[in-house]
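The sequence and the structure are shown first.

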Amino acid sequence: NDMIKKAIFPVGGLGTRFLPATKAMPKEMLPIVDKPLIQYAVEEAVDAGIEEFIFVTGRNKYAIEDHFDHSFELEETLQAKGKTNALKTIRDMIHQPGAVSYVRQQDPSGLGHAVWCARHLINDEPVAILLADDLILGKSCMAEMIATYKGGNMVAVMDVPKSDTQSYGIVTPSADDGHIVNVSGLIEKPPPENAPSTIAIVGRYIIEPGVFDQLDSQEFGTGNEVQLTDALAHRIGKVPFQGLRFSGERFDCGSKIGFLQANIAFAMSRDDLENRLQNWIFKRFSKP
């Protein structure tokens with residue numbers, strides 16, 4: 001799908017749930033095995049054919065900018081020591097000049113506000129949005145979305161327990177074939193007794209230009225923040241709106257348990273770590 005070549009990465013959050021680790025380090029730089037969360041999100045976007053990367057940052061987020069730039073002293077040291085694999089790894093992270101942009105979100109006023117901050121870099125075109133906290137193991141979720149996208153707005157969705165609806169944006173389905181959900185309504189973090197379904201939005205979006213027009217109003221919603229879901233809800237009936245059930249496994253790395261589970265799952269998916277980790281877990285936690 002050649003129409004989607006830009007992606008927005010909202011990375012301005014404070015990461016308070018991971019203090020004190022995130023006091024001086026962006027939460028998006030927390031590592032899953034040996035790569036930071038934000039790098040997984042960028043690699044997923046690359047696999048989907050994205051060519052322009054827009055980071056909406058906040059104060060004390062310089063480590064993200066440095067991560068995706070050259071480190072000449074490190075590169076020279078690796079070159080001198082003959083560590084060609086490590087050198088290739090860090091050079092492969094560097095994108096073409098002009099492909100990466102950074103926008104400052106002065107106040108953390110919600111996801112909708114973060115996306116709106118990048119409006120001047122988006123023309124009359126659909127754009128992808130990826131949240132690094134939602135880490136997906138398996139095929140690129142964004143690639144699946146772009147391959148299916150036919151216009152309008154699209155979100156990645158998954159089924160959650162009814163007791164968890166107040167932690168997600170929840171959609172009202174008008175049709176659901178088990179893969180594609182046609183969305184007729186959307187509500188942010190409803191209590192279980194008010195949830196229209198248990199189909200929850202995961203942090204992957206494709207939005208059309210009308211969403212930015214809606215965000216211009218800067219209406220505050222749940223949590224006294226500008227919610228992206230509210231802007232999407234206003235576009236229902238004006239443009240198509242679909243949810244895609246993706247094939248990978250999602251980990252909520254905004255929570256401590258999800259972060260720990262992701263580290264174990266990603267390590268177990270690697271040939272160089274699986275057996276040793278599995279043996280250690282068995283010995284460490286098997287009952288005597």
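Phe55 has a relative accessibility of 1% and therefore counts as buried, since the limit for that class is under 20%. The model is a predicted one, and each value given here should be read as computed from it. The ring of Phe55 pairs with that of Tyr102, with centres 5.2 Å apart and planes at 20°, so this pair is stacked. The two residues belong to distant parts of the chain, Phe55 lying in strand 4 (residues 52-57) and Tyr102 in strand 5 (residues 100-104), 47 residues apart.

The structure holds eight aromatic pairs. One of them joins Phe18 and Phe259, whose ring centres are 5.5 Å apart and whose planes stand at 70°, so that this pair is edge-to-face. Phe18 lies in the loop between strand 1 (6-10) and strand 2 (31-32), whereas Phe259 lies in helix 9 (residues 256-268), so the pair ties together parts that are 241 residues apart in sequence. Phe18 and Phe259 are both buried.

| Charged residue | Ring | Distance of the charged end from the ring centre |
|---|---|---|
| Arg119 | Trp116 | 3.7 Å |
| Arg284 | Phe285 | 5.0 Å |

In each row, the charged end of the arginine sits over the ring named beside it.

**A helix pair**

Two packed helices are described by the angle between their axes and the distance between the axes. For helix 3 (residues 72-80) and helix 4 (residues 84-92), the axes come within 8 Å and cross at roughly 155°. Because angles over 145 degrees count as roughly antiparallel, helix 3 and helix 4 are described in that way. The crossing in which helix 3 passes helix 4 is left-handed. On the side of helix 3 the contact is made by Leu74, Glu75, Leu78 and Gln79, and on the side of helix 4 by Ala86, Leu87, Ile90 and Arg91.

**The loop between strand 1 and strand 2**

The loop that holds Phe18 also contains Gly12 and Pro20. Gly12 counts as buried because its relative accessibility is 13%. Leaving aside residues up to four places away in sequence, Gly12 touches Glu28, Val56, Thr57, Gly58, Lys61 and Gln105. Thr84, by contrast, is 72 residues from Gly12 in sequence and 34 Å from Gly12 in space, taken from C-alpha to C-alpha. Pro20 is joined to Leu19 by a cis peptide bond, with omega about 5°.

**Positive phi angles**

Which phi value does Val33 have, although it is not a glycine? The phi of Val33 is positive, at about 65°, and the residue lies in the loop between strand 2 and strand 3 (35-36). With a relative accessibility of 30%, Val33 counts as partly exposed. Lys189, which is not a glycine either, has a positive phi of about 50°. Lys189 is located in the loop between strand 10 (180-188) and strand 11 (199-207), and its relative accessible area of 41% makes Lys189 partly exposed.

Note on methods
Residues are numbered from 1 along each chain as its sequence is written. This is a predicted model: local features need pLDDT of at least 70, side-chain atom pairs count only at pLDDT 80 or more; totals for chains, interfaces and linings use all residues. Side-chain values use heavy atoms; hydrogens and water are left out. Rings of Phe, Tyr and Trp (its six-membered ring) pair if their centres lie within 6.5 Å; planes under 30 degrees apart count as stacked, over 60 as edge-to-face and the rest as tilted. Helices (H or I, at least four residues) and strands (E, at least two) are DSSP runs, numbered from the N terminus. Buried means under 20% relative accessible area, exposed over 50%, partly exposed in between (1.4 Å probe, protein chains only). A charge sits over a ring if NZ of Lys or CZ of Arg is within 6 Å of the ring centre and within 35 degrees of the ring normal. Axes are lines fitted to C-alpha atoms, for helices over the stretch in contact, and angles run from 0 to 180 degrees between N-to-C directions. Angles under 35 degrees count as roughly parallel, over 145 as roughly antiparallel, 65 to 115 as roughly perpendicular and the rest as oblique. A crossing is left-handed if the near helix is turned anticlockwise from the far one by less than a right angle, and right-handed if clockwise. Contact means heavy atoms within 4.5 Å.
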